[in-house]
Amino acid sequence: MIKNKNLTGPQSVTANRLADGVVVFLTADSQWSPRVSDSAVAQDAATAAALMAIAGKAAADRIVVAPYLFEVGVEGVVVRPLSARESIRAKGPTVEEREPASLG
Amino acid sequence: MYVYDGYDQTFLEERVAQFRDQVRRRLAGDLSEDEFKPLRLTNGLYLQLHAYMLRVAIPYGTLSAAQLRQLAHVARRYDKGFGHFTTRQNIQYHWMKLEQVPDALADLARVQMHGLQTSGNCIRNVTADHWAGVAADEIEDPRVYCEIVRQWSTLHPEFSFLPRKFKIAITGSPNDRAAVRVHDIGLRMHRNAEGEVGFEVMVGGGLGRTPIIARTIRDFLPKRHLLSYLEAILRVYNQLGRRDNIYKARIKILVHELGVAKMAEMVEAEWRSLKDGPLALPAEEIARIQAHFTPPVYPDSPVFTPEFDALRLSDAGFRRWLKVNVAPHRQLGYAIVTLSLKPEGGVPGDMTADQMDAVAALADRHSFGEVRVTHTQNLVLPHVRRADLPALWRGLSELGLATANIGQVTDIIACPGLDYCALANARSIPVAQRITQRFSDLARVHDIGELKIKISGCINACGHHHVGHIGILGVDKGGEEFYQITLGGSEDQNASLGAIVGPAVPNEVIVDAVQTVIETYLSLRRPQERFLDTYRRVGMAPFKERLYAAA
């Protein structure tokens, strides 16, 4: 499930909140936001590893579960996932009549 | 219906208390995720793409109205007000909160429901013909044996850590509605030359990345040997099934590698040491379980009433519904009614809590308080007086559950796909929705006739695409959703695997491609030929030609 192999471009970290399962994104001030647009973006492998270290501690502290890196595109201040999978995960199901998982 | 005794109920309550403590320890940090994951999976709790998902077992697809009301309650209280019926007669809740799951399980336990055997490498919830006990063509009610298998298999210590998950399905009719040939073990009840009822035993069927039709290893197994024979099969598998490679771990690979004759020989050898031991089923025990499945006492009811006749003559919609959503019942004056969870533009298998409550009320009024769940993601009211059909049709129409499309082009099986599933490569539900919108004219749908479209969002094939008359498999091509089309699959007593037509097509054209396949069929069919008949007669070539000429 962890799809962070061979990532190259800018990356962010996502996870689920442990207690309620809500999809969250790691922010620049080491908080977790339900909005993908709040994500901290790592431009290089070292920064990505640092973000994952923060996420690993949050997992150990039982704030989140199953954190992983995913590729993002950055346009100005807008951060958006590149893959269909991560886009759907960030915005919620594309099935119209259902409430989205989290605010995109 | 089977009702838990004190032993079962106590066991279930103890399991809920145990899981409550496990969740508490997880949230308190006494259990890591690695430690907790197998514990939550044992209780049917997954972590999916967006949230926790709770899968609740509906053994052999039989529900009481009271249980359906409790499923509605769980949807409303702990989820977002809806549930999703799956291709294994279960229900899934897609938006659960870990901290609330113990309360949800406690509420489910009050109506004898749980998430056991809906995950993990164990013997999964046993499935059956959704018309069990009422079908006009049935030899014997398979649920009696499903329940016996359930009691034997639940938390079976020897079979709790199998090489891989293990699925058993049982049909009591010659016309297979339980897809037994695509299960790890399929059992078909039939009569031998002496008139005794027993089982044909098939093993090694399955879908996924290596689809295989099950092979028969025993033509006739007497009922009293059911458990010992299953145990013999499981033992051979448990010892020889591959644990080194998850993709080769199912029993179908073992059967394929050993050969069916060798597999049968090993099972028979193992069975000889088991057959007359403690697993032999005494006739009294079979009778005791059978008593739970005694059909209701059906008061006499007319086959036709003036209201029924008048509505049938005057209303084409009612006629269409009678034709495909209503089936013959073994009791004269009664009918089996399928509720379509496939409205135009809907999500296959989804049902709101309000709909569940309303169907529970209809079940109480018209079906002796009993409901069935089908592996095709619909519901069934199994005991409806034919005289009640007009009233029921109106009631179901108001609820959006009377779409006259059962077994037709828009009665699509679709897995949750990339909209919900962490494993998926592409979306399934929106493709199903678009097909139902393209084929929204019911007159046209009925002209096309029986046609089963099945859609999976990845190779794991939860949407059974391999056995769809038209199968659709979502694939990821460089981050884009593409769909591979297969033709000629079937899951019934003449089971076959679909063949790939050609290269996968992009998301934008998949519905056009399906339409092209259907139009090709319409141009080729002979009178009375269903899609599958035409395909089997003419083969792939004309479909392939039209599909890729158009592209």
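Here is a short walk through parts of chain B, stop by stop.

Before you click, this is a predicted model, where local features need pLDDT of at least 70, side-chain atom pairs count only at pLDDT 80 or more, and totals for chains, interfaces and linings use all residues. Residues are numbered from 1 along each chain as its sequence is written, chains are lettered from A and ligands numbered from 1 in the order in which they are written, and side-chain values use heavy atoms, with hydrogens and water left out.

**Stop 1: the open sheet.** Helices (H or I, at least four residues) and strands (E, at least two) are DSSP runs, numbered from the N terminus. Select the five strands in the order E1-E2-E5-E4-E13 of chain B: they make an open sheet with antiparallel pairing (two strands pair if DSSP finds at least two bridges between them). At the edges sit E1 (45-47) and E13 (350-352), each pairing on one side only. Zoom in on E4 (residues 82-85) and E5 (residues 91-96) of chain B, joined by 2 bridges; there, Phe85(B) stands opposite Ile91(B).

Axes here are lines fitted to C-alpha atoms, for helices over the stretch in contact, and angles run from 0 to 180 degrees between N-to-C directions.

**Stop 2: E15 and its partners.** Pick strand E15 (379-385) of chain B. Of its 7 residues, 6 are buried, so E15(B) is largely enclosed by the rest of the structure (buried means under 20% relative accessible area, exposed over 50%, partly exposed in between, with a 1.4 Å probe and protein chains only). E12(B) runs antiparallel to E15(B) and is joined to it by 5 bridges, with Val337(B) opposite Leu381(B). E14 (residues 370-373) of chain B also pairs with E15(B) in the antiparallel sense, over 2 bridges; Arg372(B) has Val380(B) as its bridge partner. E14(B) and E15(B) form a hairpin with 5 residues between them, and Gln377(B) in the turn has a positive phi of about 70°.

**Stop 3: H13.** Select helix H13 (residues 389-399) of chain B; its buried residues include Leu389(B), Trp393(B) and Leu396(B). The buried residues of H13(B) pack against H10, H11 and E15 of chain B, among others (contact means heavy atoms within 4.5 Å).

**Stop 4: H10 and H11.** Finish on H10 (residues 306-314) and H11 (residues 316-325) of chain B, whose axes come within 5 Å and cross at roughly 105°.
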